[in-house]
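Subject: Structure handover

Hello,

The structure is handed over below, and my notes on it follow. Please read them with the model open.

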Amino acid sequence: MRVKVRRWHVGAAILLAAGIVFMIFSTRSDQPFPPGPQKPSPSPLAPTVIVAMGDSTVSGEGAGQYTADTNGQGGNWCHRSPNAFVQKVNIPGVIAHVNLACSGAPAEQVALGPVKQWTEGSQAEQLARLVKDHRIAAVVIAVGANDEPKFSNQVTTCFKAWFTPANPPCSELLHQSWQAKVDAMTPKVAAAVTDVKAVLARAGYVPSDYQLILQSYAAPIGPDIPENLRNLNGCPFRVEDLRWISQTGIGILSAGLKHAAQLTGARFLDLAKMGVKHEACSGGANLGGEWFTRLTLQLDDLSQVDRAQHALQESFHPNAAGHVAISDCLGEFIAQHDGNATCVAGPDGKLHADPDVVAR
């Protein structure tokens, strides 16, 4: 039986088919689908890296063997050391370790912007250049102590108080203003961490692509040191000041940094108690168990005008052994993938990342 097809049916079908074809091709060309997320690497062959950012506690100040370009050359005193914890931490799959930290850096130099530290520009901008040919696995940041708290300056103030026993201890004045200083610091640290996240987001990263870690500071000195070292031979501080720094001041500072981590979605690693029984001068005649430098004076630097003001720069920072201890804790922390933790010493004498002991 022959079916008679009306011409207008055929024409309508042709027009319908043409319309569908036009819609398909116009969607593919003139109205593209939103592009998928950019892969967080310029190449599958790009090396996977852990990046450290921040100030002296990250750069390796006190750990020695500073790279020539950061040991005063051209005015650069960032003091980056091959003994810094970022160079020692062992993370499966990570084949490169990059240290962008600079001794004395404030939060604004870690953030995006024009602020420099010892001739070096923004660490976040340095990270932006790094992501072009590296795959970022983790970013570890420690910063804030050089902002309003000016922790190194406070230690120096307490050092001066040792010379004037008739005057009040430095901790008496610090106690009155310390919380306000930390409160003023916290939003600056949060802004710096936010800028680091922005750099990675522009490179196509989403939070699940990498770990973002904000860590706190350790107390380099404590009250339980031999009396014969509470002087220019090692740790010239008054007992009440040593106690306040290690038991109160460092805790308030850590609490402020933990709040900055909460504001930015970063993981928080608390180092406040990592140095207990390993502080500077705690070992007496045996320096082997100490993780922090004692009062350190580079005598050779005193003969050079451009270096003399940096002759004490290494004092009361983690030494090479301290950085190894931090790297042990950090490696465990990264392996845990999420949550916060505190670095605490275990029976084996090493530091471990304990997620159940977040002090604040």
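A disulfide is taken here as a pair of cysteine sulfur atoms within 2.5 Å. The model is a predicted one, and a search of the whole structure on that criterion finds four disulfides. With bonded cysteines counted along the chain, the pattern is 1-2, 3-4, 5-6, 7-8.

Disulfides

C78 and C102 are joined with an S to S distance of 1.9 Å. The torsion about their S-S bond is -80°, and the link is left-handed. This pair links distant parts of the chain, 24 residues apart: C78 is in the loop between α2 (56-59) and α3 (85-88), and C102 is in the loop between β2 (96-99) and α4 (107-110). Both C78 and C102 are buried.

C158 and C170 form another disulfide, S to S 1.8 Å. This link is right-handed, because the torsion about the S-S bond is about 75°. Buried means under 20% relative accessible area. C158 therefore counts as buried at 1%, and C170 is buried with 6%.

In the link of C329 and C343 the sulfur atoms are 2.0 Å apart. The value about the S-S bond is -95°, which goes with a left-handed link. C329 sits in helix α10 (residues 320-336) and C343 in strand β6 (residues 341-345), 14 residues apart, and the pair links distant parts of the chain. C329 counts as buried because its relative accessibility is 0%; for C343 the value is 0% and the residue likewise counts as buried.

Helix α10

The 17 residues of α10 should span 24 Å at 1.5 Å a residue, and the end C-alpha atoms are 25 Å apart, which agrees. Besides C329, the buried residues of α10 include G322, H323, A325, I326, L330, F333 and I334. At the start of the helix, a side-chain oxygen of N319 comes to within 3.1 Å of the backbone nitrogen of A321. Just after α10, H337 has a positive phi of about 75°.

Strands

Which way do β6 and β7 run, parallel or antiparallel? Strand β6 and strand β7 (residues 351-354) run antiparallel and are joined by four bridges. In this pairing C343, the cysteine bonded to C329, stands opposite A353 in β7. The two strands form a hairpin with five residues between them, and G349 in the turn takes a positive phi of about 85°. Strand β6 also pairs with β5 (residues 267-270), in parallel, through two bridges. D270 has T342 of β6 as its bridge partner.

Strand β5 runs parallel to β4, with three bridges between them, and F268 in β5 stands opposite L214. Strand β3 (residues 135-142) pairs with β4 in the parallel sense over four bridges; there V140 is opposite I213 in β4.

Core and overall figures

The largest nonpolar core has 90 residues, and I50, V51, L127 and I136 have the most contacts inside it. Helix α7 gives the most to this core, with twelve residues. Leaving aside neighbours within four places in sequence, I136 is in contact with residues including V49, V51, L127, L130, V131, L200 and Y210.

For the protein chain as a whole, the secondary structure comes to ten helices and seven strands. Of its 360 residues, 51% are buried. Among contacts with a separation of 6 or more, 69% are between residues 24 or more positions apart.

Regards

Notes: Residues are numbered from 1 along each chain as its sequence is written. This is a predicted model: local features need pLDDT of at least 70, side-chain atom pairs count only at pLDDT 80 or more; totals for chains, interfaces and linings use all residues. Side-chain values use heavy atoms; hydrogens and water are left out. Buried means under 20% relative accessible area, exposed over 50%, partly exposed in between (1.4 Å probe, protein chains only). Two strands pair if DSSP finds at least two bridges between them. The expected span of a helix is 1.5 Å times one less than its number of residues. A polar contact is a pair of N or O atoms within 3.5 Å; within protein, one must be able to donate a hydrogen and the other to accept it, and residues adjacent in sequence count only if both atoms are side-chain atoms. A nonpolar core is a set of buried Ala, Val, Leu, Ile, Met, Phe, Trp, Tyr and Cys residues joined through side-chain atoms within 4.5 Å. Contact means heavy atoms within 4.5 Å.
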